[in-house]
Each structure stands twice: as C-alpha cells, then as structure tokens.
Amino acid sequence: MTKDEKYSLARWAMQHALDNGAQHAKVLISDRRSSSVEIRDEKIDKLEQSIQNSLSISLYVDNKYSAHSTNRLKQEELGRFIEQAIEGTRYLSEDEFRTLPDPSLYYKGEGKDLKMADDKFDDILPETKIQLARDVEKEVLGKDERIISVTSSYYDGLSGRVMVTSNGFSGDTENTYFGLYATVSIKSDDSRPESYWSESAVLHEDLKTKGIGELALEKAIQKVGQDKVESAKLPMIVENRQLGRILSPLISALNGSAIQQKNSFLIDKLDTKVVSDKLSITDDPFIPSGRGSQLFDNEGLAAKKRAVFEKGTLKTYFIDTYYARKMDVQPTTGGTSNLVFETGDKTLEEVIASTKKGILVLGFNGGNCNGSTGNFSYGIEGFLIEDGKRTKPVSGMNITGNMIDLWGNILEVGKDVYENSSWRTPSIKFDAVDFSGA
C-alpha cells in the first residue's frame, strides 16, 4: 500500500466514523516488513520473513472512548467494523478526560529530514544477509576449544505509518533498522557460561559488522569461575549498555500515569534537585538517525528538545494529553525520544583504573524496583576491581538500596556512549552501593 493509499483509506475511515456517530476519531494505518536469518553450527537454522498491515482507530463517542484495531483493510469490511465499534463504545462509561490533543500543539509539517529510513532497504539481497550472519559466526569458530555452541543472526525491518485525526492532524513516518547478533556458550568446570554481543543501526551503511562474534566469545570467557565475594558497601561501575536497567525506574517515575496515580517517587519534584549534580540528561528527538528520533509523538504532538535532569535538578515530566487533563497541567509528550547524557572525560577502562576497590557490573539478573518508594533489589554479575584492575569474575550477588540515593551518589560519568539504543547511556560509577553475597 502506497503512502497516498494509506492517507486515502485513513481519511475515509475517519469520515465514516464521524458519519456514524463519533464526535472525533484518530486513525493510524501502519505496515511492517521484517526478515531474519539465524546460523547455528555453520547451517541456516532459521529463516523468517513477515509482512504486516493494520489499522487502528480511536473513537470519541458521547464523552466515551474506545480503541480498536484490525488487519482487514477492505472498505466494505472496515466500514462494518467501525460501525460495530461505535455501537460498542456507547455502552462504556463516560470519561471527560479522554479527548484529542489541542490542535495548536500538533506538528505542522516541514520538519528536517531525520534520516530514519534507508532508501536502499529493498536492495539488500537475501544472500548478503546470510553472509553477514555467517561472517559473525566465523569470527568465533575454532577460536577456543571450550566453545560448545555459537549462534549468529542478522535481522532487519521497515515500518511505516500514517496518522490522521478529526481535529486537524495529518502526518506520516517511515523507519528502518538493521542488526547483527551473536551468542556463545563455553565449557567450564561446573557451569556453561554464555554471553552475547549485538550491533544495530537505522541505516545499513552504519551497521558495524566486525568484532561481534569475538566480543561475544570474550564476554563468555570472562564468566569462567564466577562466584560471590564478601558482602560490602563498595563503589559500583555499571557498563554503558547495562545502565538502562537502573535508569528505567528513574525515567518511569516521570511518566504522567505514575505521577497521577501516585505511583512515583518523584511526585512534586519539578525544579528540585533530586539527584547528583553530575547527572544531566536531555531528551533530544532531532538526532539524525537516532534510535528514538521523531518529529511528532504518538499523539501527533510536535517534538521538542527538553532538559530532563539539569545538574541533578528535575526539569520535566512525560505527560500525554489524557493525564495532563486529569492533572490540569499542560501536556509535554507521552514518552522519551533520545535520552542524551552529559558525559565525562574518561573511558570505561580509565574509570576502572581509578578505582581502588569496587565492582564492575556487566549484567543484571532479575530483581525489581518499587515505583512508589524507589527501593530496589537486583542480581548482578561482573568483576571485582582491586587496585584499578579486574581481578575476580562475580555472580550471585545482589545490590539493594533506593534510587534517589543511588543516583545521588554518582562519582563519575564516563565518555563511552552506547549508541545502539534511544537511551544513549555512558558507563557510570556510583559510590557506596550495598552488595550482598558470600
């Protein structure tokens, strides 16, 4: 379905809803194509390809709201689907806070090209995808006699969407992604350590294709001999690609739903210093080919660059139209785009070298955080650091504490930014973390 055909069908569906009793409607038509290949033991173990199309419609009927979706996109079937959805909506309870956004807040078009779609997506041949996955596997095979198994994979996807609303919004997006992945397991005396490495990109030419298998093997070997160490309160360094696990509760506490439902440990903290002044994070939707870049959000609100934390001071919440109306505040946006950290001047290895004794966290194993209090407990694995060097591989340890205390005790922010995610996280060193183990 072409973009013009999507717009035509979306507008027809919206008008059909209005003609049959809805006061307002939002229609989203999306399609997605994806493929993947998995190599195991030098053979193609899995080859998948999928094509998906769907239409979602949000209905506002007599102060009542409902949302529906279907993959049956012929007008005669779709018309009846919408009519039945409207009739069903009439049986729901009224919700005065459910409305479309203020049209003045919508994206009006003419934004810069964020380079979110690769126009050569269809030019990449199946044999090229297979060979890329094979090359990742070849980096590992025969490199260590302890290797038990190696799995490598290539994956990609293209998605497009068109959205229209009855109060004036009209917009479309197109996104691509490409990725390579390797998992390696090895023999050990009493265990079978396993680890992985992955790389991804929005544009195929930016995809890193070398070193993926080697790094997966290296990380698996690092796990040999893992054990607990003595319980202690120590500095903790969290590797950049693992930082998202402990960042997630902090960001979730800023969501409008959590704030309105009193399920956030950051309620009423705007313009208040709540964490270390070493933490500055900006939400930037305009990074070319950034994983979370966008000109408008899921409601059509125009994207804006905004400070989230500024030297430890909380500067914004992520509030969509619904929760903004419930709290009688102005909406911002319903979620993050690209989270960009103000970084320091040291690499991860330099941060390690400056640590007399501590633990480097290279993975989290289970655990949770209480959204209301910020109290957390997580299982971790990584390395004991002594005199600036990694000494003993660690596993079976837990960290406990409170998110405000943890993020208030930042010692150093690294300069190594993880770019395979919309959360562009550096490695961070925290002080005085409670580790429990042996």
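This is a predicted model: local features need pLDDT of at least 70, side-chain atom pairs count only at pLDDT 80 or more; totals for chains, interfaces and linings use all residues.
Residues are numbered from 1 along each chain as its sequence is written, and side-chain values use heavy atoms, with hydrogens and water left out.

Let's start with an open sheet of 6 strands, which has the order 3-2-1-4-5-6 and antiparallel pairing. Strands and helices here are DSSP runs numbered from the N terminus (E, at least two residues, for strands; H or I, at least four, for helices), and two strands pair if DSSP finds at least two bridges between them. At the edges sit strand 3 (64–70) and strand 6 (194–201), each of which pairs on one side only. From one strand to the next the twist averages 20°, with axes taken as lines fitted to C-alpha atoms (for helices over the stretch in contact) and angles running from 0 to 180 degrees between N-to-C directions. Within this sheet, strand 1 (residues 24–40) and strand 4 (residues 147–165) run antiparallel and are joined by 15 bridges.

Next, follow the chain to strand 13 (residues 375–386), where 9 of the 12 residues are buried; buried means under 20% relative accessible area, exposed over 50%, and partly exposed in between (1.4 Å probe, protein chains only). Strand 13 has antiparallel links to two strands: 11 bridges join strand 12 (residues 357–369) to strand 13, and 11 bridges join strand 13 to strand 14 (residues 389–402). On the strand 14 side, leucine 384 is partnered by lysine 392. The turns are worth a look too. The hairpin of strands 12 and 13 has 5 residues between the strands, and glycine 374 there takes a positive phi near 85°. The hairpin of strands 13 and 14 has 2 residues between them, with aspartate 387 in the turn at a positive phi of about 55°.

Now for the empty space. Rolling a probe the size of a water molecule over the atoms shows where empty space is left. The search uses a 1 Å grid over the protein atoms alone: a cavity is a set of points where a 1.4 Å probe fits but cannot get out, a pocket is an open set with protein on both sides within 12 Å along at least five of seven lines, and lining residues have an atom within 4 Å of a point. Grid points are joined across faces, edges and corners, and a volume is the space filled by probe spheres set on the points.

The largest pocket has a volume of about 1000 Å³. It is lined by 41 residues, and the closest to its centre are Met116, Ala117, Thr173, Glu174 and Asn175. Helix 1 (3–19), strand 4, strand 5 (170–186) and strand 6 each give two or more residues to this lining, and strand 5 has the largest share, with 6 residues. By class, the lining has 14 nonpolar, 13 polar and 14 charged residues, where Ala, Val, Leu, Ile, Met, Phe, Trp, Tyr, Cys and Pro count as nonpolar, Asp, Glu, Lys and Arg as charged, and the others, Gly among them, as polar.

The second largest pocket holds about 540 Å³ of space. Of its 30 lining residues, Glu199, Lys208, Arg241, Val417 and Tyr418 lie nearest its centre. Strand 6, helix 4 (212–222), helix 8 (348–353) and strand 15 (410–417) each supply at least two residues of that lining.

There is also 1 cavity of 30 Å³ or more. The largest cavity has a volume of about 60 Å³, and of its 14 lining residues the closest to the centre are Gln294, Ala303, Lys304, Arg306 and Thr333.

Serine 337, in the loop between helix 7 (321–327) and strand 11 (339–341), counts as buried because its relative accessible area is 2%. Its contacts (heavy atoms within 4.5 Å), not counting residues up to four places away in sequence, include Gln294 and Ser422. Threonine 425 lies in the loop between strand 16 (423–424) and strand 17 (426–436), and is buried at 2% relative accessibility. Among the residues that threonine 425 touches, with the neighbours up to four places away in sequence not counted, are Val417 and Tyr418.
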